[in-house]
Amino acid sequence: MAGNSSRRGAMRRTKKGATAGSGGVRRRGLEGKGPTPKASDRPGHKAYQGGSGGSGGSGQGGKGSSGKGGHGGRQRRGDAPAPGENQVAGRNAVLEALQEGIPATSLTVLARIEGDERVREILRLTTARGLPIAEATRTDLDRITDHAVHQGVSLTIPPYEYADVDELLEIAHDAFEPPLLVALDGITDPRNLGAILRSAGAFGVHGVILPERRSVSMTASVWKVAAGAASRVRVAQVTNLNRTLADLKSRGVFALGLDAEGDVSTRDLASQERSLGTEPVVLVVGAEGKGLSRLARETCDQVVSIPMGERTESLNASVAAAIALYEIAGVREGTGIA
């Protein structure tokens, strides 16, 4: 017992005494590691550029490319674009985008995709344009397309390059036609913008104007709905829509508002003392339900409405724009302008 007691006492004395050091390891672990490197210098970051040429370029000669004279090559799995990039998803939408020459940076396809005629044509057009092709799992495709119905293919498009209003007027001037523009006031649904672009392409519109704030912008969803019209009709984005309308008016462009409470019918555009259909016109379209904002209405030279049955409260903004543009195109065709 006494021996055990002395051993316990020795153990207690050892614990209270000096202990072995760490050799400076703990102290070094507490030291700072210096400033954080730039994103482009960190291999794990999507902006890393070390030896790959960056993440936003054409992809030629970079990681996973075929190296065949700049033609796109099938990349290994895992080289799919990061989520959040603009994606046109679905076989018909991707095929139309490629056929219309929509700017694109890469194509992502499902690994071991079962190719039909559309897929074969998509791959042919992609290769002909020298775009890189990446293979991805279905989970990755679901992620990068935000769970859209992609059918195994997704086309990455770069951010849209907006025109300015002067460019839209130059397009009309070069066509020897009075300007016909569309300005959207408070339209936030990309499907509406896509449908309006299709109508604009069908009825001779020279450009569409969007405000920067409280408005839809040119996204992949718009490209998909608009199909080829998005590449044929230029879109301008302005800081202040009402100021832009006032500037257009000072340059001889008639601001024509479209609203359910307008005092002139779209059917009467050719019967006015000053034929509104043949003038340089910017058609201002308000949001469905809300109509034109107060300032936009006050800025317009004339507000027109579409005649409807009493039971119909309002039309979808894209439908209303299509009807008004059809009426204007009819007036212009009748006078030999279009």
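Twelve helices and twelve strands make up the secondary structure of this protein, counted as DSSP runs (H or I of at least four residues for helices, E of at least two for strands) and numbered from the N terminus. The model is a predicted one, where local features need pLDDT of at least 70 and side-chain atom pairs count only at pLDDT 80 or more, while totals for chains, interfaces and linings use all residues. Residues are numbered from 1 along each chain as its sequence is written, and side-chain values use heavy atoms, with hydrogens and water left out.

Of the 338 residues, 42% count as buried, that is, under 20% relative accessible area with a 1.4 Å probe, protein chains only.

Now for the nonpolar cores, meaning sets of buried Ala, Val, Leu, Ile, Met, Phe, Trp, Tyr and Cys residues joined through side-chain atoms within 4.5 Å.

| Core | Size | Members include |
|---|---|---|
| Largest nonpolar core | 62 residues | Leu155, Leu184, Leu193, Leu197, Val208 and Met218 |
| Another core | 19 residues | Val165, Leu168, Ala236 and Ala255 |

Take Val208: leaving aside residues up to four places away in sequence, Val208 touches Leu168, Val182, Leu184, Leu193, Leu197, Ala200, Val233, Arg234, Val235 and Ala236, where a contact means heavy atoms within 4.5 Å.

Looking at contacts between residues at least 6 apart in sequence, 82% join residues at least 24 apart.

Notes:
Buried means under 20% relative accessible area, exposed over 50%, partly exposed in between (1.4 Å probe, protein chains only).
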